[in-house]
Amino acid sequence: MRAFLWSLEAGNKIRCKLCLRKCLITDKNPLGYCKVRKKKGNNLIVTNYMKISFHEEYIENLHLLHFKPFQKVLVINSLGTNCEYCSENVDKKELKKIDLEKFIEDVKSSGIKILFFYQQEPIIYFETMYKIAKYAFKAGLINVFSTNAYFLPTLSKLFKKYFSAVQVRIYNFLDEEFYKELGLEDLRNLKKTLVYLYRQKLHMEIANFVNEKNKKENVFKFSEFLINNLSSSIPLHIIPKDFDNFYELLELKELAERSGLRFVYLSEDRNVYCYNCKNLIIDRDNQKIYLNNALRCPYCLAKIEVVV
């Protein structure tokens with residue numbers, strides 16, 4: 001399959017433009033960082049096209065608490081990432097080359113209504129994700145994807161038509177030093193990508209993974225960025241990664257709330273409370289939603305950003 005988003009440069013070199021690494025791919029080094037985009041002659045091809053693994057999961061277990069509560073989703077994965085630390089390993093034995101039409105028919109027959117393109121990094125298997133999402137959308141299914149947002153901001157516009165929600169995975173509240181260690185240095189464009197994604201009117205939630213290198217001052221910086229450029233109502237999930245200090249996690253949650261973010265969650269949180277009056281509005285223990293028809297809190301009429 002011929003890849004999207006690249007250009008042929010001098011000396012028959014290929015510049016990949018899918019993610020912000022912008023790999024220069026040559027005959028001598030024919031693979032990008034992701035290991036699935038490959039130079040073949042004067043073309044760039046993808047080696048992971050329509051090769052996916054999938055399993056069922058409840059949406060709440062994937063750090064989405066404000067989108068389609070209580071629903072089962074089909075989690076889809078494939079090979080390829082632009083950040084090893086940001087991704088989970090995929091067992092190649094679980095990958096299947098799918099017949100797309102039959103795959104969509106099987107999903108509909110199962111009763112599942114939501115496809116969730118998850119890790120490794122769905123942007124890196126963009127050609128597969130976009131084709132599946134297009135067919136799924138036309139079949140009446142809902143598409144959601146997770147991403148580390150390390151891709152060209154202008155690519156965000158392509159998600160508006162076929163996708164309903166995005167989960168953005170960040171690390172240590174976008175700590176610059178930590179991102180440099182990961183080889184992800186272009187935070188200016190990463191932040192621009194976040195803004196562009198938000199402008200596509202997709203439901204957005206942030207999954208922020210923290211480890212021992214996290215700095216508390218980053219909480220205020222990132223919260224300020226969200227409030228000034230996106231919205232104070234975007235749910236923020238604080239998730240430990242190789243880190244088990246519960247009291248520090250609780251402090252980070254409190255700092256984010258004091259910074260002005262309305263919905264901040266730890267990994268074990270499942271219920272949603274009104275940011276204004278603190279009453280329970282999504283009760284996952286009893287699978288009940290306490291919102292009026294205008295998606296407002298029934299007790300204080302505060303507007304709650306949720307898709308039911």
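The second largest cavity has a volume of about 40 Å³. A cavity here is a set of points, on a 1 Å grid over the protein atoms alone, where a 1.4 Å probe fits but cannot get out, and its volume is the space filled by probe spheres set on the points, with grid points joined across faces, edges and corners. Lining residues have an atom within 4 Å of a point, and for this cavity they include Glu60, His63 and Leu65, along with His237, Ile238 and Ile239. Leu266, Ser267, Asp269 and Arg270 also line the second largest cavity. Strand β13 (residues 236–240) gives the most to that lining, with 3 residues; strands are DSSP runs of E with at least two residues, helices are runs of H or I with at least four, and both are numbered from the N terminus.

What sort of residues make up this lining? They split into 4 nonpolar, 3 polar and 3 charged, where Ala, Val, Leu, Ile, Met, Phe, Trp, Tyr, Cys and Pro count as nonpolar, Asp, Glu, Lys and Arg as charged, and the others, Gly among them, as polar.

A word on what you're looking at: this is a predicted model, where local features need pLDDT of at least 70 and side-chain atom pairs count only at pLDDT 80 or more, while totals for chains, interfaces and linings use all residues. Residues are numbered from 1 along each chain as its sequence is written, and side-chain values use heavy atoms, leaving out hydrogens and water.

Counting cavities of 30 Å³ or more gives 2. The largest cavity has a volume of about 90 Å³. Of the 14 residues that line it, the closest to its centre are Cys16, Cys19, Cys23, Cys34 and Arg37. Its lining divides into 8 nonpolar, 3 polar and 3 charged residues.

Go back to β13 and follow the loop between β13 and α6 (246–258), and you'll find aspartate 242. Aspartate 242 isn't a glycine, yet has a positive phi of about 55 degrees. Is aspartate 242 buried or exposed? Aspartate 242 is exposed, with a relative accessible area of 64%; buried means under 20%, exposed over 50%, and partly exposed in between (1.4 Å probe, protein chains only).

Asparagine 12 also has a positive phi, about 60 degrees, although it is not a glycine. Look for asparagine 12 in the loop between β1 (6–9) and β2 (13–16). Asparagine 12 is partly exposed, at a relative accessible area of 39%.

Terms used. On a 1 Å grid over the protein atoms alone, a cavity is a set of points where a 1.4 Å probe fits but cannot get out, and a pocket is an open set with protein on both sides within 12 Å along at least five of seven lines; lining residues have an atom within 4 Å of a point.
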